[in-house]
Amino acid sequence: MPSPSLDELRAKIDASVRSLTDESARVRDLQGLEDLRNAFLSRKRGAVTLLFEELKAVAAEDKREAGQLVNSLKVLVQDKLAALEASLAAPTAVRSETDLTLPGRRRPWGAAHPLRLFQAEIESIFVEMGFGIEDGPEIETDFYNFEALNFPPNHPARDAWDTLYVRKDADDPKRDLLLRTHTSPVQIRVMEKRKPPIRIIIPGKVYRKDQPDPTHMPMFMQVEGLVVGEGITFAHLKGTLEHFLKRLFGEKLKVRFRPSFFPFTEPSAEVDIECLQCGQKDPACRVCGGTGWKEILGSGMVHPQVFKNVKIDPEKYSGWAFGMGVERIAMFAYGIPDVRYFYENDLRFNRQFQLK
Ligand SMILES: [Zn+2]
């Protein structure tokens with residue numbers, strides 16, 4: 001092998017630098033980077049490696065300078081590879097057409113749902129009186145929704161609660177799963193795990209097999225209350241509910257109690273308030289049907305059988321419970337003619353009821 005001159009070596013190094021510039025411009029990904037590294041630094045065929053091989057044949061007096069030339073090429077290649085690697089790892093730059101000086105888009109304000117607001121108002125009145133707030137599952141067993149509440153199997157009172165079943169077991173009704181038809185199963189769950197005194201309200205969604213119409217929805221909200229303790233009487237029930245209704249509708253509100261029937265209370269009473277629409281003056285009033293009264297909630301003294309079902313001694317303890325439909329009261333309070341408005345999520349409707 002003839003010894004290469006320094007000029008020849010310089011020419012080869014220049015060619016390598018040009019090829020490094022060209023090829024590095026085409027690198028788009030890590031594979032391209034690896035190919036470039038192999039083309040120059042591969043231990044067998046890399047361009048830089050081959051130039052180091054040629055150094056062996058360079059004349060002794062030129063060796064030092066030739067070595068520096070090849071070494072500087074090697075450093076150049078390594079720097080280029082490192083710079084490419086860093087740029088591939090960096091996040092994609094912001095596209096130039098994005099104008100960072102533009103003001104942000106303003107998102108439209110939402111509104112708290114009127115039923116939630118009304119529920120919060122009801123809750124705050126009872127919390128003031130020392131009630132706690134409880135919650136429970138919306139999918140229930142037959143036991144909690146009916147049996148423990150003194151609805152025996154095949155009892156006709158069950159027909160009034162048009163039940164939606166999640167699982168119906170013809171052989172073993174105890175395995176039935178249903179969407180709770182009232183919030184009362186939570187009363188049972190609380191009494192099972194807690195000893196009296198108990199003083200709670202239970203707000204929540206309930207489900208019945210109803211077609212949507214101006215006064216019915218297959219899902220609606222209830223607030224239920226339960227008080228259990230020693231020496232609790234119907235007078236406590238009456239005083240508490242009267243206080244609650246007057247806080248909600250005004251101090252001068254007329255309230256009356258009417259005898260009624262529920263399987264889980266005895267005695268039971270429905271509670272009416274004066275018709276706020278006509279002030280008890282319009283015989284043709286559409287809201288009260290001309291009676292001047294509007295039924296607003298159901299209540300009663302907890303049935304001794306319900307206490308026995310949850311192992312609370314009915315000789316020692318007594319209690320009362322009430323339940324009401326939140327939509328029904330809100331419609332009455334705000335003069336809303338159709339319950340379906342609550343579920344259309346029309347912001348123009350929802351915004352009307354925001355607290356001041
Ligand atoms: Zn009326």
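Which residue forms a salt bridge with Glu-34? The partner is Arg-37, with the closest N and O atoms 3.7 Å apart. Here a salt bridge is a side-chain nitrogen of Lys or Arg within 4 Å of a carboxyl oxygen of Asp or Glu. This is a predicted model, where local features need pLDDT of at least 70 and side-chain atom pairs count only at pLDDT 80 or more, while totals for chains, interfaces and linings use all residues. Residues are numbered from 1 along each chain as its sequence is written, and side-chain values use heavy atoms, leaving out hydrogens and water.

**Salt bridges**
- The whole structure holds 19 salt bridges.
- Glu-34 and Arg-37 sit 3 residues apart in helix H2 (residues 30-41), about one helical turn; helices are DSSP runs of H or I, at least four residues, and strands are runs of E, at least two, numbered from the N terminus.
- In helix H8 (residues 234-249), Glu-242 and Lys-238 lie 4 residues apart, and their side chains meet in a salt bridge at 3.6 Å, N to O.
- Arg-340 pairs with Asp-338, the closest N and O atoms being 2.8 Å apart.
- A network of salt bridges links Arg-256, Arg-258, Glu-270 and Asp-272.

**Accessibility**
- Asp-338 is buried at 11% relative accessible area, whereas Arg-340 is partly exposed at 31% (buried is under 20%, exposed over 50%, partly exposed in between, with a 1.4 Å probe and protein chains only).

**Sheet**
- An open, antiparallel sheet of 3 strands runs in the order E2-E4-E3; strands pair if DSSP finds at least two bridges between them.
- Strands E2 (139-141) and E3 (165-167) stand at the edges, each with a single partner strand, so one side of each lacks a neighbour in the sheet.
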